[in-house]
Amino acid sequence: MTANVVPALEVRNITKQFPGVLANDHISFTLLPGEIHAFLGENGAGKSTLMNILYGLYDPDEGEILINGKLAKIKNPADAIGLGLGMVHQEYALVDTLTVTENIILGTELRKGPVLNAKEASQRVRELSEQYGLAVPPDAIVGDLPVGVQQRVEILKALYRNVNMLILDEPTAVLTPQEADDLFRVMRELADQGKALIFITHKLREVREVADRITVLRRGKVVGDADPKTASEGQLAALMVGRDVVLKVDKTAANPGDVVLKVRNLNLRDDRGLTVLDDVSIDVHAGEVLGIAGVQGNGQTELVEAITGLQALPSGSIELLGKDITNRPPRSITEQGVAYIPEDRKGTGLVLGYSIRDNLVLSTYYKPPFTKGLTFNDPAIDENAKELIATFDVRTPSATTTAGSLSGGNQQKIIVAREFTRKNRLLIASQPTRGIDVGSIEFIHNQIIKQRDAGLAVLLVSAELDEVLALADRVAVMYHGKIVGILPIAEATRERVGLLMAGIQEQPNGK
Amino acid sequence: MANEQQAPAETKKTTEPQPSKRRFGWLNEAIVPLLAILTAVLIGAVIVFVSIPGNKLPTFDLNIYGSRSDWFFSTIPERLRVTLSAFTGLFSGAFGDWTKPSTIPVAISNTLVESTPYILAGLAVAVTFKAGLFNVGAEGQLLMGALGSVAVAAFMPQWFGVASLPAIIHLPAALLAGVIAGGLWGIIPGYLRAKTGAHEVITTIMLNYIALQVMDYLINGVMKDKSATLQRTPFIHENAALPRIISKATDPSLTGGQAYPRLFTTTSSTWDLRIHMGIVLAFLMVGFIWWLMNRTPKGFEIKTVGENPEAARYAGMSITGTVVGAMGLSGALAGLAGTSQVIGLEYNLKAVFSSGLGFDSLAIALLAKSNPIAIVPAALFWGALRTGAGAMQVNTGISINLIQIIQALVIMFIAADQIVRWIYRIKQAEGGKITFNRSWGK
C-alpha cells in the first residue's frame, strides 16, 4: 500500500454511546480507493452502528470523518450520497411493483420538461450494468426477481448516484452460495474500477475470499487488523469471538447420568428451500452441559425451536426421557420439564409492557397456586414475585415496574428466575448472556452450573465461544445446519473449535 | 463488578415517576380522551357560532349594517346566546330540563336506552383491541344477534306447536340465541384469521354485508309479518321480552296483542320510561369483562397475545384458540347488543334496525382506550349526544348533524392523540399506548 494515496475515507476516533452500551469506542480506520475492506464482528460488535454513523443515520458523540482528505459533516443519507458514499442495507429499499429502471432512478428522475425521460434513464442503467458486469433486466418488475438480482439493483441504485464508496451490510446473509459467488465477482470488478468497498460480515470464509484488508470489531472496539492472505480462519475466529474479560466459572467435573434429551436426524429447509438443519442428532445427559458452538445463523435457532415445539419439523424425532415430544405443542413440552431461555429476550422471553410480577408467571399463570378456581390468586403471584426478585437479585424499584424499563441484565434475570424455578429435567439456554453486563453474566453462568449440578441436562447455545468453553462439558459445533463435531471439553481448544466453526472438517485421524 | 455501582443509580431513575403514576393512574389515562372531547365540543361551538341559521338572527340589511362583517359583529351577542342555547338544548335533551323536574326521568331514561347497545358493542370491540385484533364486524354480529333472538322470541312457541312458552324458558332461550348467533358471526373471521391469515378487517367488513343481506332476505321472506305494511317481523312473544323497569301498561293494540312485562307499573307520564333490563345486562357484562380481563387466566392470554404474540406462543398459549375465542366473545357481546335492542326495546325487527350502532362502537372502544370500565362513560357520552341532538334541533334550529361533527372530531383527536398532546402540552405517558392497530401492519 503506497503511503501517498489519499484515502477515500478516513475515520478517526468515532465514539457512540447508547444507554447502557458503548457501541463504538474510539474506532479509527482508513479506506483506500480500489480496495475491499472487510469488517468482521459478531452481532452487537458495533459494525452496524459504525456504518449508520458513516451513512448519516446516527450522530457520533466524538470523532471525525474525512472524505478524500477533507473533513466531512454527514447529517443524513442524502449528505452521504452527495459525498460519494452509498450503502446497501440488509433489507433492500426497493419498490416491488416498479421495474428495475424505475427503482434505480427513483428520486433522481431525468426529466424532459415535466415528463420522465424514460429512454435516457434506461440507457444509463444499461450502460452502468454493462460497465460493472451487473446483469439486470432493466424492464422487469423487481418483485418478480430473485434476491440476488434485487441486490444488484440496489448496488446499481448507488452507482447511478455516482458514489465511489459503497457499504455492503451483511450482503450475503440472504444469498445462496452461488449468488454470493456472483456478488464477490461484482465486488472485485467494482474495486478494480477504483471504487472503495466496505464489506460487513461475520462469515470467515467470505472475508478471506474477497477482502483486501480485514478489521475485526468486538464490543465496539477495533481489536485487530488482519491480512486475509496470511490470517487463518482459526485466528480470525479467535479474534472475533474472544473476549478481554476471561470468564471464570467455578465448576467441578460433570457427573453425567442417563440420556434426558435424544434428538435424531432432524432435517429442515427454509422457505427458499435452503437446508437449515442437516441430519442433526444429539444426546444430552442428566448432569452435563452440552454446549453448541457455531457462528450465528448456522441452524442453532431452529434446532432449539424444534426441541421446544416452536418450529414444526418435517422429519426426525425428539425424545425427552424416552417420551416422544416431536411436534408437540410448546406448553406440553414445557410441562414435561423443559426450561427455555430464548435468544430474543425482548421479543420472545418477556412481554415488555407487563409488570415484572406478571412476567414471572408468564408460563405458569394458569396453574395452582397462581390460579385458584377460575381466577388469579394475587397473594401467591405477589409472593412468587417477591421471592424470585430477592433470590435472583433483580434490581428493580418494585414488582409492578414494567419489564421494559429494566436493564438487559435484569430482564434476563427475570427470565432465568421464571424458567429455573419450575420442576425441570432439561434446561435450554440460547444466547443466555448476549448484550448484558458482566455482573449479570457471572450470575447467570453460576445459575446454569447450579442447575447442572442439581442433575438437569443442559443444552447451551451461544455464539460466544468463550461462554461455551467456560460452561460446557462437551462441545458440539454447528456449521450449515450440521453438527460437524462433538468434542469433550478437554479436547475442545479454541483453535480446534474455531476451525470447526469455520466449516473446516478435521482430518479423519484428528477425531 | 463495575456495574454494581451503576445498577442502583439506574434503579433510582425508574423509582421517581412511580408514586404519582400509581395514585393518578386513571387520570393519566383519561386526560387525553377528556381533552379530546373538550376540544371537539369547543370546535363544535365555533361551528354553531358562525353557522347559525338566518331565522334566528336579525336579517342582514345593507342600510342598517353597512357591510356583512359589521352585521356579523353586531350579532355577536345574539350568536353567543344561540350557541349557548344549542348546548343547553343538548344537555336538557339528554338529561332533562332542570327547571322542569318532570322532564328529567324521561330524558335520562332515553339517554340510558341509547347507551345500552353502545356499552355492549363497545365492550365487544374493546375485547378484540386487547387481543391485537380490529373487529370492524360488530355491526354484522349485532344484526345476527338481533336476528337470532327475534327468531326465537317470535317463533319458538310455534316450532313446538304451543301458543306460548313460560318466560323462564322463552326469555333465556331468546337471549342465548342472540348471543350464539353473534358469537358465531365473530368466530368465522377469527377462525379465518388464525388458520389462514385472512385479515379480520377485510373479512368482518364482508360479513357485515352478508349479515345485512341475510337480515333483509329473512325480514322480507319467512320472518315477515304478513299482516304488517312495514317490512318487519311479527312482534315477539311477551314471555320472551326483557322487562321494562318502570312504565305504563302496554297498549296491546300497538303491540300485536302482546302485553309486555315491566317491573313497576305507573300511570304517571313522568315515569313512563323506555329503560329496560338491557342496561342491567350491559352493566353485568362490563363487570364480567373487567373480571375476565384482569382476574382470569383467559383474559391474561387475550392480553398477552395482543401485546406480544411471540411471547404468548413461547409461554405455551394457543394463539389460534385465543384469537378465535376473543372474536367469538366479541361477537357474542355485539350479538347481545342486538338482542337487547330487539327483546328489550323494539319488540320486533325492522329493516332499518341498527343504523350504524356497530360502527359507533369502534369509536366508543377507542374513546375508552379499550378499558371495560371506561366503556360506560364513553357510551353514556355517545348516548347523551344522540339523545340531546333532537332537543337541540328544536331549541335552536341547529341541525343534528352538528353532533356527527362533534363525534367525528372526538374520534380524530383520539386517533391522532398527538394533536391533543401538542395543544395542551401533555407529555407522552410511558407505556400508555394502546395496541389496537397492531394487526394492521402484518
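For the entries on packing, I took each helix axis as a line fitted to C-alpha atoms over the stretch in contact, with angles running from 0 to 180 degrees between N-to-C directions. I note that the model is a predicted one.

Entry on H15(B) and H17(B). I looked up helix H15 (residues 357-367) of chain B against helix H17 (residues 401-415) of chain B and found an angle of about 45°, with the axes 10 Å apart. The two helices are therefore oblique to each other. I recorded the crossing of H15(B) past H17(B) as left-handed. H15(B) contributes B:Ala363, B:Leu366 and B:Leu367 to the contact, and H17(B) contributes B:Val410, B:Ile411 and B:Ile414. I classed these residues as 6 nonpolar, no polar and no charged.

Entry on H11(B) and H16(B). Helix H11 (residues 278-295) of chain B packs with helix H16 (residues 372-396) of chain B at about 150°, the axes being 8 Å apart.

Entry on the cores. Which residues have the most contacts inside the largest nonpolar core? I found B:Ile236, B:Ile343, B:Leu349 and B:Val410, in a core of 126 residues. Helix H8 (residues 138-159) of chain B gives the most to this core, with 13 residues. I also noted a second, separate core of 81 residues, which includes A:Ile282 and A:Met501.

Entry on B:Val410. Beyond its neighbours within four places in sequence, I found B:Val410 in contact with residues including B:Ala36, B:Leu367 and B:Trp382.

Note on methods. Residues numbered from 1 in each chain as written. Chains lettered and ligands numbered in written order. Predicted model: local features only at pLDDT ≥ 70, side-chain atom pairs only at ≥ 80, totals over all residues. Heavy atoms only, no water. Helix = DSSP H or I, 4+ residues; strand = E, 2+ residues; numbered from the N terminus. Parallel < 35°, antiparallel > 145°, perpendicular 65-115°, else oblique. Left-handed = near helix turned anticlockwise from the far one by under 90°. Contact = heavy atoms within 4.5 Å. Nonpolar A, V, L, I, M, F, W, Y, C, P; charged D, E, K, R; others polar. Core = buried A, V, L, I, M, F, W, Y, C linked by side-chain atoms within 4.5 Å. Buried < 20%, exposed > 50% of the residue type's maximum accessible area, 1.4 Å probe, protein only.
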